[in-house]
Amino acid sequence: MAQQHTTSLRLRLRYRFDHLLSGGTTALIGWLALACLAVVVPASAVLVWSDRAAPATLSGRLTAVWVSVGQTLKIGGAVGSPLYVLASVSLALVALLFVSTLVSLITTGINRRIMSLRRGHSTVLETRHTVVLGWSDQVFPVIGELVAANANQRRSAIAVLAPQDKVWMEEEISARIGERGRTRIICRNGSTTDPSELRRVSPRTARAVLVLPPTGDTGDAHVVKTLLALDAAVHGSGEAEGRTDGEAVVVAAVRDSRNHLTARLAAGPTGHVLCVDDIVARLLVSTARQPGLSLVYSELLDFDGDEFYPVAPGDLVGRTFGEALLSFDTSSAVGLLHGGGSVTLNPDPEATIGPADRIIVISRDDDTAVRADVAAHVEHDAIVTAAPSTAGAERLLLLGWNRRAPLVIEQLDQYVGPGTTLDVVALGVHAATGGAQGVTTSRSRLEVSFHDGDITDPLTLAKLDVPSYDGVIVIGETEPEALDAPMASLAPVTDPQARADDRTLVTLLHLRAIGDTARRDIALTTEMSDDGNRLLAPAQDGADFIVSGRLISLLMTQISESPYLAAVFEELFDAEGHEFHLKPATDYVRAGHEVSFATAVEAARRRGECAVGYRLRAESATGPGYGVRINPDKRRRVRFREEDWLIVLAES
């Protein structure tokens, strides 16, 4: 009962205090003054009466008490006539009021400024910086690649604008991004679709602007609105000052191919828009037919590896592109960048290099593409001429279904030989109606069969005899039907891409068990959304993964640093263009004989191709390269065996 009484008293006192605060400033000042007097006056009296040197008379002691109270409360404590004391106290109160008001105003202004800075509402005053608009899991690989690209610069800045808390964004970036070097990362809070808020990151003075696609089905619409807002922020009225000489490079990405044209219109003639679905579907099919190809693209798109660079032709002007192939010892020529900005990949070996052309090379850095003639290292007697091969009939398996699945099937039909069969296993409606039925027509080579089944169910996979297939493609199921599956209870997340990755991980776990039981390596190509989930994947070392989020991030950052690469990637990922292939090395040079890599380059040149590297079967399970060598020294000698591959750039 005593405890209940104490609690009630505390609540009553708290209630009266809250009531006092609600009375306004005047009442609060009055009560605070009374409270101060109630403490200061008795305490001053105790000090005076306990002081041995205090006056002996009562009036003297009262005067001493007044002086102590005045000094404590900063009102002077003057002694004299009543008028003098009144004037002194009045001046002291005015001074106290003025100083208190001034301190309050300064404190309020500083607090308001600090809160504004913490909210991320101030304007970024940078030039030649990179702007990242939007927030998703892609922001981390984008920032990481930009930091790597800026490693050799004296000072660089990245400004991130997103409708997130500024402090939270900074903490997330610090936790996910390691060494930043000299790159400063600045976060600002705001809507990317509001031109006034978008100006906080100064897109007008930026070197490049990257628009990230947010998670969700409405992400593409948000990208389009952001591009329109960006145009209004950069070209709107009242922003004439502070412009740089060149327009910022704008790079965006949309997921659905149906929204690609709309986004390109919003981006304008100088903007670059990537279509996630088309690129991922293209790479899934290419990698499924050429194991190890994902490792090649990872090496070429990562700033830490070999990259594309344009170099001046120098004394190669007037000579043929075929001669340029053997004119660099530690770099690989793959195309020409013409004076008008157009790009030709793998041009005819007899094509003449003009004075306005630049040679596109794959090199470790922009200063490593050094001219060195290696034609003398070619061993012509080791070159073989293989008969053209034709694609035979295969049995392929597609596990899962999402909006990219029809594109995958369409791409497969263009590559496989006649009589090839594809079995599609997916949940519910995908195996019978809807999108699946839309891919049963307009095919000339591929025979497709649809089966209803849960790819995370080991019984479903056991019935398929997976090891008997020539290739297996696993894609994530993101449609609502996937929620009815048993695995939905194991993934209490709302992000459909995260659910798809969770189901893919479980599928891979069962496929690995099937491969171990059969004692066979399953030719497996897997699509994932999050690169973090790829590290958890139960797959053999060197397995092929197409991580859509990281892939698009790499492409966007590469284009933002070198805009001409947009034309390079457009051709690489176009069904009608040139692309990288892994072809049997023994189709080019004699097996079992040690030859220089320059010999392989010359053999590829004779077939109208550019050799840029190789993959050794014996090292395919050994990291970090898993047998892949991109851009080796052409003087280096290597012994190719029957199972090894040559990496060449050739027509699709």
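The model is predicted, so to speak plainly about its limits: local features need pLDDT of at least 70, side-chain atom pairs count only at pLDDT 80 or more, and totals for chains, interfaces and linings use all residues. Residues are numbered from 1 along each chain as its sequence is written, and side-chain values use heavy atoms, with hydrogens and water left out.

**The sheet**

- Four strands make an open, antiparallel sheet in the order E7-E10-E8-E9; strands are DSSP runs (E, at least two residues) numbered from the N terminus, and two of them pair if DSSP finds at least two bridges between them.
- Strand E7 (307-311) and strand E9 (343-345) are the edge strands, each with a single partner, so one side of each has no neighbour in the sheet.
- From one strand to the next, the twist averages 30°, with axes fitted as lines to C-alpha atoms and angles running from 0 to 180 degrees between N-to-C directions.
- Five bridges join strand E8 (residues 332-337) to strand E10 (residues 358-363) in the antiparallel sense.
- Ser332 has Ile362 in E10 as its bridge partner.

**Aromatic pairs**

- Searching the whole structure turns up nine aromatic pairs; rings of Phe, Tyr and Trp (its six-membered ring) pair if their centres lie within 6.5 Å, and planes under 30 degrees apart count as stacked, over 60 as edge-to-face and the rest as tilted.
- One of them joins Trp135 and Phe140, whose ring centres are 5.5 Å apart with planes at 85°, so the pair is edge-to-face.
- Trp135 is buried at a relative accessible area of 16%, and Phe140 is buried at 7%; buried means under 20% relative accessible area (1.4 Å probe, protein chains only).
- Tyr297 and Phe573 form a tilted pair, because their planes stand at 35°, with ring centres 5.7 Å apart.
- This pair links distant parts of the chain, 276 residues apart: Tyr297 lies in helix H11 (residues 293-301), and Phe573 in the loop between helix H18 (565-572) and strand E17 (578-584). Helices here are DSSP runs (H or I) of at least four residues.
- Tyr297 is buried, with 4% relative accessible area, and Phe573 is buried at 11%.
- Tyr297, Phe308, Phe569, Phe573 and Phe580 are linked into a cluster by ring pairs.

**Charges over rings**

- The charged end of Arg395 sits over the Tyr469 ring, 4.1 Å from its centre; this requires NZ of Lys or CZ of Arg within 6 Å of the ring centre and within 35 degrees of the ring normal.
- Likewise, the charged end of Arg607 sits over the ring of Tyr588, 4.3 Å from its centre.

Methods. Buried means under 20% relative accessible area, exposed over 50%, partly exposed in between (1.4 Å probe, protein chains only).
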